[in-house]
Amino acid sequence: MSFFSFGQTAEIDIVLNDAETRKKVEHKTEDGKKDKYFLFYDGETVSGKVNVTLKNPGKRLEHQGIKIEFIGQIELYFDRGNHHEFVSLVKDLARPGEMAQSQTFDFEFTHVEKPYESYTGQNVKLRYFLRATISRRLNDVCKELDIVVHTLSTYPELNSSIKMEVGIEDCLHIEFEYNKSKYHLKDVIVGKIYFLLVRIKIKHMEIDIIKRETTGTGPNVYHENDTIAKYEIMDGAPVRGESIPIRLFLAGYEMTPTMRDINKKFSVRYYLNLVLIDEEERRYFKQQEITLWRKGDIVRKSMSHQAAIASQRFEGSASSEKALSQAKEEDD
Amino acid sequence: MSEATVADTRRLNSKPQDLTDAYGPPSNFLEIDVYDPQTIGVGRNRFTTYEVRMKTNLPIFKLKESCVRRRYSDFEWLKNELERDSKIVVPPLPGKALKRQLPFRGDEGIFEESFIEERRSGLEQFINRIAGHPLAQNERCLHMFLQDESIDRNYIPGKVRQ
């Protein structure tokens with residue numbers, strides 16, 4: 001706000017055309033709070049209206065131009081001054097001149113490329129936003145509207161299981177297996193730990209999910225590790241030949257898809273850490289990377305049909321077959 | 001028909017466990033007792049020894065049962081050897097109690113019954129913690145401490161297996 005001018009000031013408001021119908025999602029802000037933002041996907045058009053409201057009726061607003069930008073940028077917290085813009089589109093709304101009254105401008109960014117997912121992390125932030133600017137001689141008037149972008153994938157063609165034998169010679173040998181190497185964010189990790197040799201006194205075993213955010217390049221690489229989940233899978237001492245099952249539902253944890261070398265600026269990777277703890281609190285662990293991806297939502301056709309499919313997965317029985325045929329009847 | 005979106009959470013296939021493995025004795029049996037403190041000698045040249053009895057079925061130990069007598073300075077020697085040769089963070093020993101060794105004390109000093117019991121308990125905790133460590137089990141000094149009649153301070157330090 002200018003204290004020395006008796007001239008006109010204006011307020012800007014950005015409104016999307018599909019604000020009523022477009023889905024909003026929660027996204028963490030830098031200070032840890034959660035806010036809701038409009039959700040966009042790659043290729044979608046971003047269109048709306050910019051409302052410029054003059055504060056002092058009757059007075060004219062002199063300006064050097066009004067424009068709206070669509071920006072996708074990466075901000076590294078240790079290098080705040082430099083924003084790395086990977087998407088930068090601009091539409092001029094008004095040539096330099098005077099505005100006599102409040103006005104509304106339409107804008108449309110057609111089929112905008114949004115190659116990366118929005119991400120707010122410990123040391124880096126990737127965000128997309130619209131910014132409307134009224135350029136003036138002394139100070140510009142600006143308004144930003146943040147949006148959130150999700151990147152979707154489909155079931156990977158190749159999704160081999162992870163199976164490995166590890167151990168300490170003549171002390172502890174285990175074989176662990178996870179059913180896939182690539183999991184979507186609402187998937188279930190199904191696996192098992194098979195004990196081949198146990199010569200130490202194990203107290204319990206757990207699986208941790210670790211998120212590693214890597215920022216910087218070359219000699220300035222910085223890794224930030226964060227344990228997202230700790231899930232106990234065994235309590236007590238196992239013996240040779242014992243097999244411990246794993247069933248870890250990922251939907252309960254706040255995670256993002258795996259991001260590899262985004263714009264050569266940062267990566268976010270996820271690891272499963274299998275930890276065994278013995279009676280003297282010594283920890284034995286094996287870390288394994290998994291790939292997380294985001295699946296598009298599918299509208300469920302009928303809950304009873306889904307329930308019937310689920311029951312069919314367990315040992316076949318006459319009752320589950322009856323449930324399946326009953327559900328089919330309801331659908332028809 | 002809509003795509004089934006219910007996750008498959010069935011367990012992975014496993015070999016059924018052998019009953020001898022399931023109900024057999026565990027292969028991680030290791031128990032060390034430190035007991036029977038005896039004060040040997042007279043006057044200023046007294047010292048206390050403890051019996052260190054070990055029972056185990058771990059194949060890395062040559063003897064499945066052993067029984068030796070050790071004094072506090074032997075435990076100190078073991079701690080120093082392990083700190084020098086292995087990468088382990090060695091657990092602490094019970095205190096050296098230098099103040100108790102000063103003259104003109106009202107009590108028996110380091111030969112006081114309650115002190116000996118405290119020390120015995122601390123030594124037992126120490127030796128159990130260190131003997132169960134897979135890396136410590138590789139050190140010759142640990143095997144000599146637990147299973148040889150006497151400690152040869154001029155031994156050649158090394159590993160028990162490759």
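Chain A of this predicted model contains two helices and 22 strands. Of its 332 residues, 46% count as buried. Among the contacts in chain A with a separation of 6 or more, 66% are accounted for by residues 24 or more positions apart.

Attention now turns to chain B. An unreviewed UniProt entry carries the annotation "domain: PX" for residues 28-152 of chain B.

One helix of chain B, α2(B), may be examined in detail. This helix has 14 residues, and the distance from its first C-alpha to its last is 20 Å, close to the 20 Å expected at 1.5 Å a residue. The buried residues of α2(B) are Y72(B), D74(B), F75(B), W77(B), L78(B), K79(B), E81(B) and L82(B). An α-helix has 3.6 residues a turn, so residues three or four places apart point the same way. The buried residues of α2(B) pack against the strands β1 (30-40), β2 and β3 (65-71), and against the helices α3 and α4 (140-147), of chain B.

The second largest pocket has a volume of about 650 Å³. It is lined by 25 residues, of which R44(B), R46(B), Q101(B), I110(B) and F111(B) are the closest to its centre. The elements that give two or more residues to this lining are β2 (47-56), α2 (72-85) and α3 (113-131) of chain B. By residue type, the lining of the second largest pocket divides into 10 nonpolar, five polar and 10 charged residues.

How values were computed. Residues numbered from 1 in each chain as written. Chains lettered and ligands numbered in written order. Predicted model: local features only at pLDDT ≥ 70, side-chain atom pairs only at ≥ 80, totals over all residues. Heavy atoms only, no water. 1 Å grid on protein atoms, 1.4 Å probe; cavity = no way out; pocket = protein on both sides within 12 Å on 5 of 7 lines; lining within 4 Å. Points joined across faces, edges and corners; volume = space filled by probe spheres on them. Helix = DSSP H or I, 4+ residues; strand = E, 2+ residues; numbered from the N terminus. Nonpolar A, V, L, I, M, F, W, Y, C, P; charged D, E, K, R; others polar. Expected span 1.5 Å × (residues − 1). Buried < 20%, exposed > 50% of the residue type's maximum accessible area, 1.4 Å probe, protein only. Contact = heavy atoms within 4.5 Å. UniProt positions renumbered as here; feature names shortened; annotations may be inferred.
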